[in-house]
Amino acid sequence: MILSDLSLAQMQDYVKGQGLPAFRGKQLFDAIYSAKSFDEVTNLPKNMPQEIVESYPKYKIYRKYVSKDDTIKYLFAFDDGNIVEGVLMSYKYGHTLCLSTQVGCRMGCKFCASTLHGLVRNLSAGEMLGQVLLVNRDLGGNGKERKITNLVLMGSGEPLDNYDNVTTFLKLVSAKEGLNISQRNISLSTCGIVENIYRLADDGFSVTLTISLHASNDLSRRKSMPIANKYSIKEIIDACKYYFEKTGRRIIFEYVLISGENDKDENAQELAYLLRGFPSHINVIPLNKVAERSIKGDNREKCYEFAKKLEKLGLSATVRRTMGEDIGGACGQLRNKVLGGEK
Ligand code: SF4
């Protein structure tokens, strides 16, 4: 356990259990939400119980890369030496942070660099929160002043494969006494772990659900996403319909255009058959080059053509802007470079 795993009430209970008054819990909470290191906290007594000192978060920004388009890629380091990455995208309306939920990933998607070394471990709720707090501070914010407006759970890891920690994180980051980021401003991206989509709806969460679909039929999806051997597209869409009924939130489908595989007219027609009439949106994504993978992406022009075809068939579709290509924008790319010793 690290202290950032705890809500304010839990933190106060925890310090009381260590023989301290509850207000020390609030002081620790404020320091953690300002992303201060323990040495920077000046209002705590010198002789704090060792257990508290040891469980104070020690995560930090390990490296930071700024792209020509002002996208910032962060590498975050944890106590045990593990590293994950996050991407900050700045828009007119605010700052969106894409963060990681696991070190590595065991889902094995063929177009993704995050899964090349499998799953190393789950991140705790407090380690996910730490990524947000560190970047918030880097932008000049603190526990009281929030600079980050939107979150995307789309870095390394499959969020619904780490369900308990991810949902605890969602509660922490949206808590009024914390950063108070509304769940409506949070997107959770999943390859489609069906039972946990139902669970998320039943547990009362209202984040935007984003499905990494990337294929218009099961046969094609199985070629690039091993999870497709477990769940059919129809099962995923049924779960999405349930999520929509419970939350009223439109579902986003991500579709990386892969040359010769999922970019044909028949693919557009299959998508229309699956999604027409369902409140959803399709993001057509130019494939980021991943040196370790051999799949070829389609260029932007082809993506626009494909999105137009979908619109003609009655679907809502746009091409996603690619950001930070010069700094390893695809998930897992930068971490792999740094772990491989490449600068
Ligand atoms: S795309 Fe997502 S689910 Fe698939 S391997 Fe990469 S991180 Fe895991």
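**Salt bridges, strands and burial**

Modeller: Lys26 and Asp30 both lie in helix α2 (residues 22-33), four residues apart, which is about one turn of the helix. Helices (H or I, at least four residues) and strands (E, at least two) are DSSP runs, numbered from the N terminus. This is a predicted model, in which local features need pLDDT of at least 70 and side-chain atom pairs count only at pLDDT 80 or more, while totals for chains, interfaces and linings use all residues. Residues are numbered from 1 along each chain as its sequence is written, and side-chain values use heavy atoms, with hydrogens and water left out.

Biologist: Why is the pair of Lys26 and Asp30 called a salt bridge?

Modeller: The term requires a side-chain nitrogen of Lys or Arg within 4 Å of a carboxyl oxygen of Asp or Glu. For Lys26 and Asp30 the N to O distance is 2.8 Å, so the pair meets the cut-off. Side chains of opposite charge can pair when their charged atoms come close.

Biologist: What makes Lys26 count as partly exposed?

Modeller: Buried means under 20% relative accessible area, exposed over 50%, and partly exposed in between (1.4 Å probe, protein chains only). Lys26 has 35% and therefore counts as partly exposed. Asp30, with 27%, is partly exposed too.

Biologist: How many salt bridges does a search of the whole structure find?

Modeller: The search finds 15. One of them joins Arg137 and Glu40, whose closest N and O atoms are 2.8 Å apart. This pair links distant parts of the chain: Arg137 is in helix α4 (residues 125-138), Glu40 is in the loop between α2 and α3 (50-55), and 97 residues separate them. Arg137 is partly exposed at 35%, and Glu40 is partly exposed at 33%.

Biologist: Which parts does the pair of Asp138 and Lys64 tie together?

Modeller: Their side chains meet in a salt bridge of 2.8 Å, N to O. Asp138 lies in helix α4 and Lys64 in strand β1, so the pair ties together parts 74 residues apart in sequence. Asp138 is partly exposed at 34%, and Lys64 is partly exposed at 40%. Elsewhere, salt bridges link Asp80, Arg121 and Glu127 in a network.

Biologist: In what order do the ten strands form the open sheet?

Modeller: The order is β1-β2-β3-β4-β7-β8-β9-β10-β11-β12, with mixed pairing. The edge strands are β1 (60-66) and β12 (317-319), each pairing on one side only. Strand β8 (residues 186-190) is joined to strand β9 (residues 208-212) by four bridges, and these two run parallel. In β9, Thr210 is the bridge partner of Ser189.

Biologist: Why is strand β11 said to be mostly covered?

Modeller: Seven of the seven residues of β11 (residues 280-286) are buried, so each falls under the 20% limit. Ser280, Ile282, Val284 and Pro286 point one way, and His281, Asn283 and Ile285 point the other way. In a regular strand the side chains alternate between the two faces of the sheet. Strand β10 (residues 251-257) pairs with β11 in the parallel sense over seven bridges, with Glu254 opposite Asn283.

Biologist: Is Leu3 buried or exposed?

Modeller: Leu3 has a relative accessible area of 0% and is therefore buried. Leu3 is in the segment before α1 (8-17). Residues touching Leu3 include Met11, Tyr14, Leu28 and Ile32, where residues up to four places away in sequence are not counted; contact means heavy atoms within 4.5 Å. The C-alpha atoms of Leu3 and Ile32 are separated by 8.1 Å, though the residues are 29 apart along the chain.

Definitions and conventions
Two strands pair if DSSP finds at least two bridges between them.
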